[in-house]
Amino acid sequence: MKEIWLKEAFKGEVPNDFQGKVGWSSPSNIALVKYWGKRGKQLPQNPSISFTLSECRSETFIGFEKADRFGFQFFFEGQENPAFGAKIEKFLLDNQAFFPFINQLRLKVESRNTFPHSSGIASSASSMSAFVMGLLEIESQLFGRKIDLRKASYFSRLASGSAARSVFPKMALWGATDCYKGSSDEYAVSLENDIHPVFKTYRDSILIVSGEKKSVSSRAGHGLMEGNPYAPARYAQANENIKNLLAVLKSGDLDTFINITESEALQLHALMMCSNPSFILMKPNTLRIIEEVRNFRNETQIPLCFTLDAGPNVHLLYPEREADKVESFIENTLLSYCADNKWIADRVGDGPKKLL
Ligand code: PMV
């Protein structure tokens, strides 16, 4: 893949009057089978599958104009943000062989998130994929051809692993597996045409247990998988879960869906507890919510389940037809476990949208 993008790179002279602004909005995603552990240059140790979300998004505008050399400024929610900007700048400089035209441009990036401040929702998947869509839009203006989503996924992966999955509607699979033709460690592929209709409108209600910054970053967490004695067993189990989940996504068997999804969430956190040094990202209220969800499911037979990201917040997953009952359960029972009574009503979405 790398050779193709290198060969295809726009190596010409950028026209002197080349200037403008592009804008893309891109969503976050929530993994069902988790990516936890990487190798080489942002390659996953096991395949992962996610729902693309709809409401939790980043909106990124890139102003560009011809210049003698590369120039870069980054603003987050109206304020210049050199720390976050440095991450994007490094990504651009590391990948300038693929995008040599950036050395003839001055870029001003302005980004914002649609989800609330300090909700603890990871924004790197949405923000990095939104940025990459904008960058490819500039490239497509130079070339005069459409954005290739596989290329968007490839470079989103290099910017932030799980961002590879955010560029496709509904659901995506990232990582090579014998169970899915065309799958790759280098980019994600769309599962949109291989899923039962029930999953196309699935709900994700995100309960904000804590909005505080995580004590251990995802990057450090991935790194700790290297010495983790359970890593080989984990990667084998993840591959097994991918195979079973792909079948479930086709059949719509919600009991098995729940079984795999909850087991994956708990395994992710179990791996953290077995790392050296060990760490715990769940909070007491995370466990209380999990217990309530399991009781509710037993009592009502409503196929509600949970998953967790690398943090304390709980994602509640359920079919759209159950929305009224689950929302009453959230409001009546679960809200008291949430920080400032905060929760976000999200759902499966359609991927990036062009804003400008
Ligand atoms: O993309 P990263 O490096 O932020 O890692 C994401 C890790 C998890 O969110 C825990 C799992 C996943 O597959 O998204």
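The model is predicted. Its largest nonpolar core has 79 residues. Strand β12 is largely enclosed by the rest of the structure, because 5 of its 5 residues are buried. The disulfide count is 0.

**Nonpolar cores**

- Six residues have the most contacts inside the 79-residue core: I49, F51, L92, F101, F199 and F257.
- Helix α3, residues 124-143, supplies the largest share of this core, with 9 residues.
- A second core is separate and holds 24 residues, including A323, L334, L335 and C338.
- Beyond residues up to four places away in sequence, F51 touches N29, I30, L32, K170, M171, F199, Y202, F257, L317 and V348.
- Among these partners of F51 are F199 and F257, which are also listed with the most contacts inside the largest core.

- Strand β12 spans residues 314-318.
- Strand β10, residues 203-207, runs antiparallel to β12 and is joined to it by 5 bridges. Here L207 has V314 as its bridge partner.
- Strand β11, residues 305-308, also pairs with β12 in the antiparallel sense, over 4 bridges. Here L308 stands opposite V314.
- The link from β11 to β12 is a hairpin through 5 residues.

**Residue H269**

- H269 sits in helix α8, which covers residues 254-273.
- H269 counts as buried because its relative accessible area is 2%, under the 20% limit.
- Setting aside neighbours within four places in sequence, H269 contacts L281, M282, L308, D309 and G311.

**Cysteines**

- A disulfide is a covalent bond between the sulfur atoms of two cysteines. The model has 0.
- For C338, the closest cysteine sulfur is in C56, 14 Å away, so the pair is too far apart for a bond. The cut-off is 2.5 Å.
- C338 is buried, because its relative accessibility is 7%. C338 is also part of the second core.
- C274 has 32% relative accessibility and therefore counts as partly exposed.

Methods:
Residues are numbered from 1 along each chain as its sequence is written. This is a predicted model: local features need pLDDT of at least 70, side-chain atom pairs count only at pLDDT 80 or more; totals for chains, interfaces and linings use all residues. Side-chain values use heavy atoms; hydrogens and water are left out. Buried means under 20% relative accessible area, exposed over 50%, partly exposed in between (1.4 Å probe, protein chains only). Helices (H or I, at least four residues) and strands (E, at least two) are DSSP runs, numbered from the N terminus. Contact means heavy atoms within 4.5 Å. A nonpolar core is a set of buried Ala, Val, Leu, Ile, Met, Phe, Trp, Tyr and Cys residues joined through side-chain atoms within 4.5 Å. Two strands pair if DSSP finds at least two bridges between them.
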